[in-house]
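This is a walk through one structure, with attention to what surrounds its ligands. Please have the sequence and the 3D view open while reading.

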Amino acid sequence: MNKALLLLNMGGPNNIGEVELFLRNMFADRNILPMNPYMRKFIANIIISKRLEDVKENYRLLGGKSPLPDLTAQLVTKLRERLSLPVYAAMRYVPPFADEALYRCQREGVEELILFPMYPQYSTTTTLSSVEDIEQRCAAMGYAPKITVIDPYYDDYDYIEICCEKIMEAMKGRETREYDLLLSAHGLPMSIIKAGDPYQNQIEGNVSAIKTYLASKEIVFHDIKLVYQSKVGSSAWLEPNLADVLRNPTHRKVLIYPLAFTIDNSETVFELDIEHREIAEKLKYEDFVVAKCMNDDEKFVQLIVDRVDACTV
Ligand SMILES: C=CC1=C(C)c2cc3[nH]c(cc4nc(cc5[nH]c(cc1n2)c(C)c5CCC(=O)O)C(CCC(=O)O)=C4C)c(C)c3C=C
Ligand SMILES: [Fe+2]
Ligand SMILES: [Fe+2]
């Protein structure tokens, strides 16, 4: 069977003009704001009118765009060198939308789409949202390929090994016993968790697996804590919130590892490395280190190749 690989992610604005499109598409997503369409539009308009200029300013500080599209393109290039099937990025809220890949796949007679979520943990707000988007676009095009979604990999040994290598790479020889390791996951509204989203359980499984791996290598941190970042709005979200933890320091040397992203984006290079660093500097932290995501790391390329190979035997 003719197959193609699609990497699923939400995407990031490619320029300042796309910031509004990103926010409009995100808040039009029923998986992000699960409520009736009229209410969703009302809430979306409130959030966007409040946030748009601030968010644009954040992207200006990053050079006018998110780092996510270019980093994803680099990963796609490496995967194309390693795999004998077409590889595309399919973003949910900004180009390259899934359409671009799907039209090519349809034209080239691809009969099976292998969907690799760039999210290690499953959430209705991320993986399900992207999978539904692809199903709907295929239906609209009259295209009916077999769809295979790669399972969440949050507790797979090779994924955990790369997480720990990224953590140790960021430490650059610093003494781990002197540092708190903050494993920072993107937050979610409690209402979504209470409706049955498995994200929190999978995040906790990811954290346990990292702790077990580090212990097996006799790597000891002063403390290891799970925190949640990037809260939006005033409803209850998963706790503890990273900004609150940083504002109430019990220890002033920290390393932050972004747990829910595989590709660096505005939430890592801006929110963690610029905004949260400012909090730490004001409160006289002795050291504040932010680890890199996997991006196009050779071992992450290998992990994806292995998962795809397992679907193509
Ligand atoms: C209700 C709001 C949001 C939910 C739920 C949410 C879940 C969620 N998001 C990511 C990953 C990313 N989010 C990014 C940006 C971003 N996310 C929200 C809101 C929610 N996210 C907003 C408003 C924004 C825009 C920026 C901002 O306002 O700070 C990005 C960044 C992309 C980039 O530009 O580089 C990522 C990545 C996950 C993994 C997730 C649920 C688990
Ligand atoms: Fe987000
Ligand atoms: Fe944010």
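**Around ligand 1**

A polar side-chain atom of Y59 sits 2.3 Å from an oxygen atom of ligand 1. The protein covers much of this ligand: ligand 1 alone would expose 810 Å², and 96% of that is buried by the protein. The model is a predicted one, and the distances below should be read with that in mind.

Two further polar contacts can be located. H186 places a polar side-chain atom 3.1 Å from a nitrogen atom of ligand 1. At S266 the backbone takes part instead, with a polar atom 2.8 Å from an oxygen atom of the ligand.

Around ligand 1 there are 26 residues, of which R51, Y59, S66, N265 and S266 come nearest. By type, the shell holds 16 nonpolar, 8 polar and 2 charged residues. Helices α1 (18–27), α2 (37–61), α5 (124–141) and α10 (266–282) each contribute at least two residues to it. The largest share, 4 residues, is that of α1. Both domain 1 (3–153 + 297–312) and domain 2 (157–290) give at least three residues each to the shell.

Which residues of the protein are its donors? They are E267 and E271, each through OE, at 2.2 to 2.7 Å from the iron ion. Both residues belong to α10 and stand 4 residues apart, about one turn of the helix. E271 counts as buried because its relative accessible area, 8%, is under 20%. E267 is partly exposed, since its relative accessibility is 21% and so falls between the 20% and 50% limits.

Conventions
Residues are numbered from 1 along each chain as its sequence is written. Chains are lettered from A and ligands numbered from 1 in the order in which they are written. This is a predicted model: local features need pLDDT of at least 70, side-chain atom pairs count only at pLDDT 80 or more; totals for chains, interfaces and linings use all residues. Side-chain values use heavy atoms; hydrogens and water are left out. A residue is near a molecule or strand if one of its heavy atoms lies within 4 Å of it. A polar contact is a pair of N or O atoms within 3.5 Å; within protein, one must be able to donate a hydrogen and the other to accept it, and residues adjacent in sequence count only if both atoms are side-chain atoms. Accessible areas come from the Shrake-Rupley method with a 1.4 Å probe; for residues, only the protein chains shown count as cover. Ala, Val, Leu, Ile, Met, Phe, Trp, Tyr, Cys and Pro count as nonpolar, Asp, Glu, Lys and Arg as charged, and the others, Gly among them, as polar. Domain bounds come from an automatic or database domain assignment. Donors are N, O and S atoms within 2.8 Å of the metal (3.2 Å for Na, K and Ca); water is not among the atoms, so sites may look incomplete. Buried means under 20% relative accessible area, exposed over 50%, partly exposed in between (1.4 Å probe, protein chains only).
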